[in-house]
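Dear colleague,

Please find below the structure that I am handing over to you, followed by an account of what was found in it.

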Amino acid sequence: MFSSRLIFPRFCVLSLLFCLSVGFTSTAATKWVGSWSTAPQLVETNNNPPSPGLTDNALRQIIKVSLGGDTLRLKFSNEFSTSPVTLESVYIAVSKGGGAIEASTSIDLTFDGQASATMQPGAVVYSDPIAFALTPRMELAITINFGQTSASVTGHPGSRTTSYLLSGFSTPSSDFSTAVRTEHWYVINALEVRAPEEAYAVAILGNSITDGRGSVTDQQNRWTDIFSERLLKQPETCQVGVLNMGIGGNCVLGNCLGPSGVSRFERDILNQAGVKWAVIFEGVNDLGYATNGAQTANNLIAAYKQLINAAHAKGIFVYGATIMPFKGNGYY
């Protein structure tokens with residue numbers, strides 16, 4: 001049922017030199033490739049931003065990228081919100097751990113040349129490309145000074161990473177040690193790097209196992225993180241980015257937690273920058289919640305075929321990951 005012909009490209013010596021350098025050089029940068037991404041959804045009420053809220057306040061969020069590069073851009077999403085969200089200013093910097101940053105590395109983002117951007121409901125926005133010395137597996141801090149925001153929030157509840165919410169407007173020199181902490185991401189959606197033609201990304205459609213269930217908060221040790229580290233160490237795969245598109249509690253067929261795998265496959269997998277491979281590691285929640293297991297299994301097989309055909313139509317190879325056993329698991 002799944003394509004078994006996925007073979008990571010064997011790069012030449014020049015490609016290995018790219019991998020051993022700080023990042024990709026601009027002379028070979030020919031396309032955008034995803035280095036980090038997270039699956040957006042409507043944030044449940046109990047996972048909304050804590051007091052003092054996002055409006056007119058600063059939020060610092062930490063991500064750990066896969067690929068490095070010397071030019072990047074960020075994507076922000078308001079897809080599931082019902083009101084506009086204004087990014088008054090955004091700056092990125094190397095994270096020093098906790099809510100601290102290397103202020104000397106801070107760079108302001110712009111949007112069509114402007115410092116601010118307003119995302120309408122259902123919309124996304126990309127920053128303008130910026131020069132930044134992004135190294136593979138770097139921890140990066142993204143700080144957003146918000147204007148008006150929406151009561152319904154687009155984000156990713158299962159960040160397994162602490163974010164820092166500070167009252168009022170922030171600058172790179174602001175002290176975030178007293179910021180309110182929350183283990184959720186809001187509004188941030190993807191980071192892409194300019195990379196050589198030989199670089200690609202692998203995107204994983206998954207549920208809580210992929211999202212990071214069982215990993216340690218702030219340790220960035222989800223299985224996808226380990227996967228990325230292993231790929232980066234090998235000359236044949238050191239130009240492959242890893243995009244974790246897992247959502248805890250997610251189902252393939254229906255809307256359990258977050259939009260169904262079928263409905264989000266195009267946005268979260270097929271439309272990611274530079275994707276050449278997809279991993280489908282989802283279905284246990286469909287079966288676990290099912291009252292008719294055999295029919296659900298048949299429906300899953302049909303859905304997998306649909307997703308595979310859609311991926312193949314875009315030249316993307318597909319891996320299927322085995323659904324793990326769950327007999328006796330009280331969760332279901």
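The largest pocket has a volume of about 580 Å³. A pocket here is an open set of points on a 1 Å grid over the protein atoms alone, with protein on both sides within 12 Å along at least five of seven lines, whereas a cavity is a set of points where a 1.4 Å probe fits but cannot get out; lining residues have an atom within 4 Å of a point. Grid points are joined across faces, edges and corners, and the volume is the space filled by probe spheres set on them. There are 27 residues in the lining of this pocket, and Ser208, Arg213, Gly248, Gly249 and Tyr331 are the closest to its centre. Both α2 (208–211) and α5 (284–289) supply at least two lining residues, and α2 has the largest share with three. Helices (H or I, at least four residues) and strands (E, at least two) are DSSP runs numbered from the N terminus. By class, the pocket lining holds twelve nonpolar, ten polar and five charged residues; Ala, Val, Leu, Ile, Met, Phe, Trp, Tyr, Cys and Pro count as nonpolar, Asp, Glu, Lys and Arg as charged, and the others, Gly among them, as polar.

The model is a predicted one, in which local features need pLDDT of at least 70 and side-chain atom pairs count only at pLDDT 80 or more, while totals for chains, interfaces and linings use all residues. Residues are numbered from 1 along each chain as its sequence is written, and side-chain values use heavy atoms, with hydrogens and water left out.

Confidence is expressed as pLDDT, the predictor's value for each residue from 0 to 100. The protein chain has a mean pLDDT of 93, with 91% of its residues at 70 or more. In residues 1–18 the pLDDT is below 50, and this stretch has 42 contacts in the model beyond near neighbours in sequence; a contact means heavy atoms within 4.5 Å. Residues 20–26 also have pLDDT under 50, with 20 contacts beyond four places in sequence. Where pLDDT is low, the predicted coordinates should not be read in detail.

The largest cavity has a volume of about 190 Å³. Its lining numbers 21 residues, and Trp36, Arg222, Thr224, Asp225 and Asn244 lie nearest the centre. The elements giving two or more residues to this lining are β1 (31–37), α3 (223–233) and β18 (240–246). Five nonpolar, eleven polar and five charged residues make up the lining of the largest cavity.

The second largest cavity contains about 30 Å³ of space. It is lined by Ser37, Lys75, Tyr126, Asn189, Ala190, Glu192, Asn271, Gln272 and Ala273. Strand β16 (residues 188–195) provides the largest share of that lining, three residues.

In α3, the residues Thr224, Asp225, Ser228, Leu231 and Leu232 are buried. They lie on the same side of α3 because they cover an arc of only 125° around the axis, the arc being that of the directions from the helix axis to the C-beta atoms. Buried means under 20% relative accessible area, exposed over 50%, and partly exposed in between (1.4 Å probe, protein chains only). Arg230 and Lys233 are exposed on the face turned away from the buried side of α3. The buried residues of α3 pack against β17 (200–206), α2 and β18.

Helix α4 (residues 261–270) is mostly covered, with seven of its ten residues buried. The buried residues of α4 pack against β17, β18, β19 (275–281) and α6 (293–313).

Most residues other than glycine have a negative phi, and most peptide bonds are trans. Ser51 and Pro52 are joined by a cis peptide bond with omega of about 15°, and Pro52 is in the loop between β2 (41–42) and β3 (58–64). Asp56, in the loop between β2 and β3, is not a glycine but has a positive phi of about 65°; Asp56 is partly exposed, at 49% relative accessible area. Arg160 has a positive phi near 55° and lies in the loop between β12 (154–156) and β13 (163–166). Arg160 is buried, with a relative accessible area of 19%.

Yours sincerely
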